[in-house]
Each structure stands twice: as C-alpha cells, then as structure tokens.
Amino acid sequence: MTDVTAHAARILREVFGYSSFRGQQAEIITHVATGGDALVLMPTGGGKSLCYQIPSLVRRGVGVVVSPLIALMQDQVAALREAGVRAAYLNSTNSWADAQAIERQVRAGELDILYVAPERLMTERCLALLDAAELALFAIDEAHCVSQWGHDFRPEYLRLAVLAERYPNVPRIALTATADELTRKEIVARLALASPRVFISSFDRPNIRYRISEKDNARRQLLQFIREEHAGDSGIVYCFTRNSVDETAEFLRQNGIDALAYHADKEHGTREEHQSRFIRDDGVVMVATIAFGMGINKPDVRFVAHLDLPKSIESYYQETGRAGRDGLPADAWMVYGLADVVQQRRLIDQSTAGEEYKRISTAKLDALLGLCETIECRRVQLLAYFGEASSPCGNCDNCLSPPEEWDATEAAQKLMSCIYRCERPSGIAFGAQHIIDVLRGQRTAKVLQYGHDEVSTFGIGADISAAQWRSVIRQLVMLKLLRVDHESFNVLRLTAASRDVLTGRRSLRLRRLPERAARERKGRRTANRSPEALAGVANGGTTAPHSEPVFQALREWRRNVAREHGVPAYTVFHDSTLLEVSRVLPRTLDDLRGVSGIGATKLDRYGERLLEIVRSAAAPAGAGG
Ligand code: ADP
Ligand code: ZN
C-alpha cells in the first residue's frame, strides 16, 4: 500500500467510519489524490462521492465539486458536516451574506470541500475566487450532462472545458452512472480531460431484488406488497399518468400508508414540499411520474414499484436504481399486462417523430418486454443488455422460484384459429376477453349474440384458466405473433407470422403463469425482510439478532436530531449503522468505534448519547442477554 492509499484508508475509517473501500474506490482515490485525471463510471449507489471527497481531504487546498442538482448538493454538504468535514456550497439559494462568508473561507483556506452549481462556477467572480485559492481538485458530478444527445444535457457543462486551460495543474475527476460508449467519449472530449484513467465498475446492484409479475389488480397488488413486505419503509411508486399518480396515492392513503403524490401538474410549492418530506422523513411512499427521481440520493429507499411499463431497459434500470443505495436489500417490483404493451406500442405508432426514432423506440420496448417475459435470471438479462456477462444471481424472482416453461404450440394454435373463426362470418374482429370466453366455452350475452357458441373453437380451451390465456395472448403479442389493433377497439388480429404457428412450422415455448406461486413466495420473502437478514447482507453474512427496542429507540432519537439540525435523518446515521449498534449493544466508546458509519466526529458528538440509549432501551428486555 502506498502512503497516499494508507492516508486515504485512514480518512475512510476516521472521518467516514467505514472499514474498507468498495470496488475500485481505493484505486480511483489514489490516482486522483496523486494528481491524475479520471473518468469514473459507477452505478447509482456504487459510492462515487467518496472518490472525490477523500482526495479532497488528502490533498492540500479545497476540492471543488461541480454538481447540477441543488437539493443533492445541500444534502451532501449536510452529511459531510455531520462527519466533521469543513464543507459548503455556492448556488442560487445562498444569501448574499452567506456567500460572502463562504468566499472568505475559501480564500483563507478554511474549507476542504466546496460544492458549486455549474452556472455559478462560470461567473468571473467565482473564477477569480478560485484563482486566489489553493485547489485540491475539480470533481464534475453527473458528467453525462455534457452530452448533447442525452436527456440531461446542460449547456453550462460545455463551458467546463475552461477549467482545463485555466487550472492545468489541478486534477479533474468526472463521474457518472450513465454507461454507454458514446457518452463516455463525449465526456473526455468536452471536458478536455488529460489522458484520464477510465474506471468502469460493474453495473450490477446485487442488493436489489428484481421481480416482475402479471398485472391483475395493480393497486391491490401494490398494497399487498407494501403491507406484507415493506410496512413503514420508504419507497417510490412510478405510474404513467398524472391521474393515476393522484389516484394511487389517494388509494394508499385510504389504506393507511403515508403516501404522497408528485408530478408536473402539481404546484411548484407542493412538489418541493412533498420531495423534501420524502427525503427527510422515514417511511414515506412517493407516488410519482418519472419526473421524480433525478438527484434524489436518499440511501434508504427500500423499494421502487412500477405500476406501468417504463419505455426501455435504460429507464427501468435508472428508475429501479434509486432503491437500496445503502447496500441493504431492496426490491424492484413491477406488474405489467397486455394493456401496457398496447399502450406503449400505440404511443410509439402515434408519435410524430421520424421513422428512425420509431424503429429505435420499438426495439427498446421489445428489449424491455423480453426482460419481462424471460424465464431466465432477470439480472443476467439486464446486465447483458449493458454488455456485461454474468451468471444466475439467486436474487430475482426467476432465480428464487423458477417459472415453468411449457409447450404452448397447441394452445397458440387453438387461440389463433379461434380469432380467425370468430372474425370470419361477420368480418368483425374481437378483443381478448371475448376470444377467451369463446375458448373457455362461456355463453356470455356477446357470445350468444354473435352465435359464437356455434363455432368449432367454442370450448376447446376450457382446460386453461382465463388468466393463463391472458398470459398466452400477451406473450404472443410481444412476440408479434398476434397484433392488438388499437385503431379499432383493441381487437386481436393475426399477423403474417401467425401462419407459421398455425401450420405447425413453428413451435412455441412460453412462460407459464404460476397459479399458486404468490402464496408460496410470501413466506420466503417475509423471512428475507427481517432486520437480521438486512444486516446480514451489509455485514458479510453475520446474522446475530438485534434488539428491536434499541433499534426503534435509536431511530426515534435520530429523528429528533435530524429535525433539530434541519437535515435529512440519513445524514445523521444510516439505518445500517443503527442496526449494527442494536446488534452489538456496545457498552463503551471503544465498542462503538468499530461500528460501520461512526467516524471520529460522530463518535465525539453522539457516542455517549448512543451508549445511554442502548443502556436504557436494552435494559428491560435484554436482562437475560
Ligand atoms: P453514488 O453517488 O455512486 O450513487 P454514494 O456516493 O451516494 O453513491 O454512495 C452510496 C452509499 O454507499 C452512501 O450511503 C455511502 O455512504 C455508502 N458507501 C460508499 N462507500 C462506502 C464504503 N467504502 N463503505 C461503506 N459504505 C460506503
Ligand atoms: Zn436471478
């Protein structure tokens, strides 16, 4: 270990209270701390912040962090100050007097880390300030914002190349969670990084459990999921329309869940207030359109639920990535059905964009549908999409309760002939429900009205449940072996490719809808959610029991401290730290020192208080050990 690396490890331990670096952190930090430029690609929650915070502390002078997200900047500074680091930010929210005081500190060399909004940084005043200061490094967070092709493009980012000319000897580190090759090249070129070392981490998020299932009654399914597995947890629920955001939030509230709504129609003030409650309080469920989420770095979001399909795997990955940044187990949970597929396809068809755009959008949607319908490990597919090879993960629904595959050739043939037979006499086509009624031999009014109890396919599919038929139809639509005609009341139509199935030239293996799986899975998942299991993941498998009264007392205390300091609860201590304390039940400050997330400053500031809480909360129940 070099001196610099050892110095960095000491800061990691003493300031941040962590015992070891994660992934490539040590290498990145050593490289930047010794003056090199770097480009860091790491998934959300991977631990990018330490990659510039620690070098800022190792090197002389102030580390300047460019960040486009004001809320995030404020929370990071709050967390650093809690850990005893001399940090501040300059953005549009500072008062004049405040800004002056910070500028004075910079000149006097009294700050370790300064966060600056990019437009602020580019002002002559700010550059003059930096000219007069000793600079440790520049960190450019969310560096993909320089990409003109990306959806987060920020014109001010293009001007950051100035830093290379004006401060040629100050190392620069650019960081992003956006992985693709094109963006990577753009970042290096536009920021004029000097032969940077590029650090690419795996994009796997092993603590996130991916689960995708058939939509049945989406809101009920969601409610059951939250009640059984995430009572009292923070989570995000994504819905496609503003209406369904409002309705879903209302539905959850009526059922006793602390849910808030967030979308672009809401008044600005309400939106801000909801966002800040979500970040600051424990256990709020945010129901939102995808307008919500950028720049939310709340570490303890325990689940992200999708009630509607995202547009692509990229969106799915980005949205689900907001769960479990703290490394503790989290769920990415989604339900989807035929209507979602139809809706997304219709949106693409009806968009006024060019053919190229439609072609790409269709391909992206198809890739996502492939992920939904796969019977293989979800994670393997997800990572493969980003060009990463892996093996079955053991932490997705398909690994945990492998879905059955079945030979659905004959069923598909029955279905297709039924569609054909029903349409033939009158020339009128029908929707999925009617076709299923005919197949299952149901004499509904509509079946009788059209005389479909007389067609040869009436009742030939009675052995398959209606839900299973819906699943078959959805998969055939996804495979483009059937088409839903959204110009004509969503009726089902055969496609050119249907013929191959009908004639037996093509056989089909489909995913079988698990009839009883929900019940079986329940028990196992509840077990997984115990705090012991939670802590087990964070601590390499130790699953010593923790004291629930101590844990709750600690959370209560944390809530109060956070409120007093006007900071989010997680900047005081993470859940993982409180859990460990309630497991170790420390008696002395020395016992506390070993707990992950307790650095020197926090030990000083809160150590005695933590010991007191442990003593009094553990006493009644913990008498026997
Ligand atoms: P990113 O910016 O990449 O999304 P963060 O820098 O916010 O991720 O880090 C995610 C979480 O992981 C934070 O809560 C952070 O405190 C924690 N973390 C980062 N590095 C370590 C480490 N070496 N040991 C323990 N926890 C870490
Ligand atoms: Zn898996």
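Before I begin, one definition: helices here are DSSP runs of H or I covering at least four residues, numbered from the N terminus. What we are looking at is a predicted model, and I will come to its confidence in a moment.

Thr30 has a relative accessibility of 16%, and because the cut-off for buried is under 20%, this threonine counts as buried. If we set aside the neighbours within four places in sequence, Thr30 is in contact with Thr2, Val4 and Thr5.

Now, the confidence. The mean pLDDT of the protein chain is 89, and 94% of its residues reach 70 or more. Over residues 517-542, however, the pLDDT is below 50, although this stretch still has 40 contacts in the model beyond near neighbours in sequence. There is also residues 621-625, where pLDDT stays under 50 and the model has 1 contact beyond four places in sequence.

Let me move to Phe278, which sits in helix H13, residues 268-280. With a relative accessible area of 0%, Phe278 is buried. Its contacts, again leaving aside neighbours within four places in sequence, are Gly235, Ile236, Val284, Met286, Phe292, Ile296, Lys298 and Val301. For a sense of distance, Phe278 and Leu400 are separated by 122 residues in sequence and by 31 Å in space, taken from C-alpha to C-alpha.

The next element is helix H17, residues 378-385, in which Arg378, Arg379, Leu382 and Leu383 are buried. Why do these four lie on the same side of H17? They do so because the arc they cover around the axis is only 120°. As for what they pack against, the buried residues of H17 meet strand E8 (208-214), helix H14 (313-320), helix H16 (355-373), helix H18 (397-400) and strand E17 (509-511). Just after H17 comes Gly387, which takes a positive phi of about 80°.

Helix H19, residues 409-423, packs with helix H22, residues 466-478, at an angle of about 85°, and their axes are 11 Å apart. H19 and H22 are therefore roughly perpendicular to each other, since angles from 65 to 115 degrees are placed in that class. On the H19 side, the residues involved are Ala411, Ala412, Lys414, Leu415 and Met416, and in H22 they meet Trp469, Val472, Ile473 and Leu476. Sorted by class, this contact has 8 nonpolar, no polar and 1 charged residues.

Finally, two backbone details in loops. Most residues other than glycine have a negative phi, and that is the background for both cases. Ser195, in the loop between helix H10 (181-190) and strand E7 (197-200), has a positive phi, near 25°. At 72% relative accessibility, Ser195 counts as exposed, the cut-off for exposed being over 50%.

Phe489 is the second case, with a positive phi near 55°, and its place is the loop between strand E15 (482-485) and strand E16 (491-494).

How values were computed:
Residues are numbered from 1 along each chain as its sequence is written. Chains are lettered from A and ligands numbered from 1 in the order in which they are written. This is a predicted model: local features need pLDDT of at least 70, side-chain atom pairs count only at pLDDT 80 or more; totals for chains, interfaces and linings use all residues. Side-chain values use heavy atoms; hydrogens and water are left out. pLDDT is the predictor's confidence in each residue, from 0 to 100. Contact means heavy atoms within 4.5 Å. Buried means under 20% relative accessible area, exposed over 50%, partly exposed in between (1.4 Å probe, protein chains only). The arc is that of the directions from the helix axis to the C-beta atoms. Axes are lines fitted to C-alpha atoms, for helices over the stretch in contact, and angles run from 0 to 180 degrees between N-to-C directions. Angles under 35 degrees count as roughly parallel, over 145 as roughly antiparallel, 65 to 115 as roughly perpendicular and the rest as oblique. Ala, Val, Leu, Ile, Met, Phe, Trp, Tyr, Cys and Pro count as nonpolar, Asp, Glu, Lys and Arg as charged, and the others, Gly among them, as polar.
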